[in-house]
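Thanks for coming. I'll take a few minutes on one model, and you can follow along on the screen.

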Amino acid sequence: MFEGQPKGLYALALANTGERFGYYTMLAIFALFMQAKFGMSEAEAGTIYAVFLAVVYFSPLFGGMIADKIGYGRCVTIGFIVMFLGYLGLAIPTAPDAAGKAAMYTGLTLVSLGTGFFKGNLQVLVGNLYDDPKYSSRRDSAFSLFYMAINIGAMFAPSMAKWITNQYLSRDGFTYAADAVATYGERANEYLTSLYGAYGLCFGVACVSLILSGIIYFATRKWYKHADITAKKAKEENAHVEELTPKQTKDRIIALLLVFAVVIFFWMAFHQNGSALTFFAKKYTNLTVSGGLRIGFNIFSLALIALSVYTGFSTFQAKEKKTRNICGIITLLAWAGAYALYSGMENPTHAQPSDFQQFNPFFVVALTPFSMAFFGALENKGKEISAPARIAWGMLVAALGFGVISLASTSLISPMDLGDGTQSILSPSWLISTYFTLTIAELLLSPMGISFVSKVAPPKYKGLMMGGWFVATAIGNYLSSIPSMLWNKIPLMYNWGILIALCLISALVMFALLKKLKAMTA
């Protein structure tokens, strides 16, 4: 799994892990922060959340265009600086007034622009490592590992946000409550002030993690410096650059644009985790968790379980007996540690809506080895599934994921009738199952899509095309606001039904395009 990869992959992956940890710590509580501080409705908070995500993922288009001219590494450095200033602006305490909103929007703008310089160009550097024929056959597995590293950061983020929130609230004599007015009555405003103060500290975590990420990136630069080369610079240095005819260049760009158009609807559906699915957790899910499900709400138990997957695979795959034995022992210790942590939890334990956002990255980390083993076995048998085909299957699985949450919603009061109240009757297992299914869809689609872009993009447009992948994500993220805007207007089943229909239609379109895409990228 890890053998035969260049050291630069691990350097860039770890740098991205730190950055993503801060980003997802902030994102886990962002919609809840806006509701607590500014009293926004689900529709308003969901719209701002979606617009922010759209800008975050649209800006890599411009970052990529600039990087194709001035260099990918230079743009990544600019991204670090601008993102840090944005998180710092969000972390500074302000009043819940117009000035406070202006400060929030300024910080969000800087985070968005900084991400545009950073995110896509870091991935171009990863892709460039595999232009070397020595490593070219490992491109898909490399992006699976890179994607896994991103999600390690994302996995710990919600728990960090929860820990900070609980510590800050307890200092003021509060505990988290989904309904502030019903729980604290006349002290509701005081509670909300404490709550959004706690959320503000989560933005500070993003500042710190970004600094650590930058240290890793610059300290290991020699491992990937040779990959920091544009097509123009390569020609100047007489380095090998893939030569394409004008027709090949045009065909590849069209093929990528077709893929981008389809994945828009996946991201629209998938990015309900910070909005509609979080509102669902807040309004309908029983946050008092008992029994075996408690283990899912201890991030360290989840981390040990994820670790045991990798050591478990190494127990059987490692070439040396000593290594296999060591990995086997670590696997057993990881299981024992996870069980010990679970046994020490309160029964029942009390969860928060943001906690559910840790399941998707956990499943990404834990399922990546199984995904790599499965597709590796198919490749060895000469039955390799192309990236566009995996994307099509991913859309089908995403439809299944929203089928799960639809099944859970059949007997629920619709948000338009529920109002500001809650109907916290559902087992957390419904949301966990939904995240599990959506994660399988994500593993089929996202890392393979990024790998496909890095392989197919014409050399002089690598930054631009990687930016195009994120533009598709941006449009999908913006459209993700639709379920939030409809939250208090239509029955839940209709909301989920829209997402199911879009995923199914997109899957059928992608299956219909497979032969054409294969011919255009040959």
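**Pockets, cavities and helix packing**

The lining of the second largest pocket splits by class into 14 nonpolar, 14 polar and five charged residues. Here Ala, Val, Leu, Ile, Met, Phe, Trp, Tyr, Cys and Pro count as nonpolar, Asp, Glu, Lys and Arg as charged, and the others, Gly among them, as polar. Before going on: this is a predicted model, where local features need pLDDT of at least 70 and side-chain atom pairs count only at pLDDT 80 or more, while totals for chains, interfaces and linings use all residues. Residues are numbered from 1 along each chain as its sequence is written, and side-chain values use heavy atoms, with hydrogens and water left out.

Back to that pocket. Its volume is about 790 Å³, and 33 residues line the second largest pocket, with K162, N166, H350, Q352 and D355 nearest its centre. Two or more lining residues come from each of α5 (139-171), α11 (299-317) and β2 (349-350). The largest share, eight residues, is from α5. On terms, a pocket is an open set of points on a 1 Å grid over the protein atoms alone, with protein on both sides within 12 Å along at least five of seven lines; a cavity is a set of points where a 1.4 Å probe fits but cannot get out; and lining residues have an atom within 4 Å of a point. Points are joined across faces, edges and corners, and a volume is the space filled by probe spheres set on the points. Helices (H or I, at least four residues) and strands (E, at least two) are DSSP runs, numbered from the N terminus.

The peptide bond from N347 to P348 is cis, with omega near 5°. For context, most peptide bonds are trans.

How many cavities of 30 Å³ or more does the structure hold? There are two. The largest cavity has a volume of about 310 Å³ and a lining of 25 residues, of which Y24, Y57, Y147, H271 and E442 lie nearest its centre. α5 gives the most to this lining, with six residues. By class, the lining of the largest cavity has 14 nonpolar, eight polar and three charged residues.

The second largest cavity has a volume of about 50 Å³. Its lining consists of V124, G127, N128, D131, R139, V453, S454, K462 and M466. Here α4 gives the most, three residues, and the classes come out as three nonpolar, three polar and three charged.

Last, the packing of α2. Two packed helices are described by the angle between their axes and the distance between the axes. Axes are lines fitted to C-alpha atoms, for helices over the stretch in contact, and angles run from 0 to 180 degrees between N-to-C directions. The axes of α1 (residues 7-38) and α2 (residues 42-70) come within 8 Å and cross at roughly 155°. α1 and α2 are therefore roughly antiparallel, the term for angles over 145 degrees. The residues in contact (heavy atoms within 4.5 Å) include Y23, Y24 and F30 of α1 and F52, V56 and Y57 of α2. They divide into 14 nonpolar, one polar and two charged.

α2 also packs against α17, at an angle of about 170° with the axes 7 Å apart, and that pair is therefore roughly antiparallel too. Among the residues that meet are Y57, G64 and D68 in α2 and K462, G467 and G468 in α17. The contact of α2 with α17 holds 14 nonpolar, six polar and two charged residues.

Key:
Angles under 35 degrees count as roughly parallel, over 145 as roughly antiparallel, 65 to 115 as roughly perpendicular and the rest as oblique.
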